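Work through the exercises below with the sequence and the structure side by side, and try each task before you read its solution.

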Amino acid sequence: MRMVGKGIVGVLLLSSLASVGQAFWIDAFVDHCQRGRQKNVQWPSPYVCPDRTYAHAPFQTMVRNGWRRQNLLGSHHFNEDSTQLTQAGKLKIQWIMSQAPQQYRRIFVESSLQRETTDARIATASSFATEAGEQMGTGGFAPQVFATHIMSEGRPAATVDFVNSQFRDNMKVPVLPANTAGGQTGQ
């Protein structure tokens, strides 16, 4: 009888321990279900916002690259024999300082094969921008000047003028066709 009593107590003890263990797993399962429900209620917001950010990132890069090309000073903006700005270069810097949106007022200088030439062009553009800023009344604000690997697609104004003047000089004179006899055409 004693053995039977110990067995019943052991079974009761094991069943009570099992109910404690089951309570833990039941609580864990309920927590898991509640977290899943909260995620389902928030869906798709946690996933859409990062996706939108990643989808918009290339467009922001394209805009920055477009402004970098727009604010680019090429080799034709500097004199050939020195690093002094041409009139076109001065006008380009003035345009950047007065017309470009504030967040895109940066000047980019096309890199030369010689590092010294590039550094001298950057210094020239920076000093002109500082002087122009004082004259324009921007409060001493001068845009930052950076070297870039982008190549300018522009050409010197003299080359463009030559092509246009040759086109004008070689144009045929506009003349009406000769009048045919009898006024009949296309027989």
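The exercises that follow concern a predicted model.

**Exercise 1.** Find where N71 sits, decide whether N71 is buried or exposed, and list its contacts.

*Solution.* Begin with the position: N71 belongs to the loop between helix 2 (45–70) and strand 1 (72–73). Next, take the accessibility, for a residue is buried when its relative accessible area is under 20%; N71 has 0% relative accessibility and therefore counts as buried. Finally, setting aside neighbours within four places in sequence, we find N71 in contact with K92, W95, I96, Y104, R106, I107 and F108.

**Exercise 2.** Check the span of helix 4 (residues 115–136), and then work out how its buried residues are arranged.

*Solution.* At 1.5 Å a residue, the 22 residues of helix 4 should span 32 Å, and this agrees with the 31 Å between its end C-alpha atoms. The buried residues of helix 4 are T118, R121, I122, T124, A125, F128, A129, A132 and G133. Seen down the axis, these buried residues fall within an arc of 165°, so they line one face of the helix. Their cover includes strand 1, helix 3 (87–98), strand 2 (106–110) and strand 3 (144–148), whereas R115, E116 and E134, on the other side of helix 4, are exposed.

**Exercise 3.** Decide whether I26 is buried or exposed, and name the surface patch to which I26 belongs.

*Solution.* I26 lies in helix 1 (residues 2–42), and because its relative accessibility is 51%, I26 counts as exposed. Together with F29 and V30, I26 forms a nonpolar patch on the surface, with about 290 Å² of accessible area together.

Definitions and conventions
Residues numbered from 1 in each chain as written. Predicted model: local features only at pLDDT ≥ 70, side-chain atom pairs only at ≥ 80, totals over all residues. Heavy atoms only, no water. Helix = DSSP H or I, 4+ residues; strand = E, 2+ residues; numbered from the N terminus. Buried < 20%, exposed > 50% of the residue type's maximum accessible area, 1.4 Å probe, protein only. Contact = heavy atoms within 4.5 Å. Expected span 1.5 Å × (residues − 1). Arc of directions from axis to C-beta. Patch = residues over 30% accessible without salt bridge, like charges linked within 9 Å, V, L, I, M, F, W, Y side chains within 5 Å. Areas by Shrake-Rupley, 256 points an atom, 1.4 Å probe, with all protein chains shown as cover. Salt bridge = Lys/Arg side-chain N within 4 Å of Asp/Glu carboxyl O.
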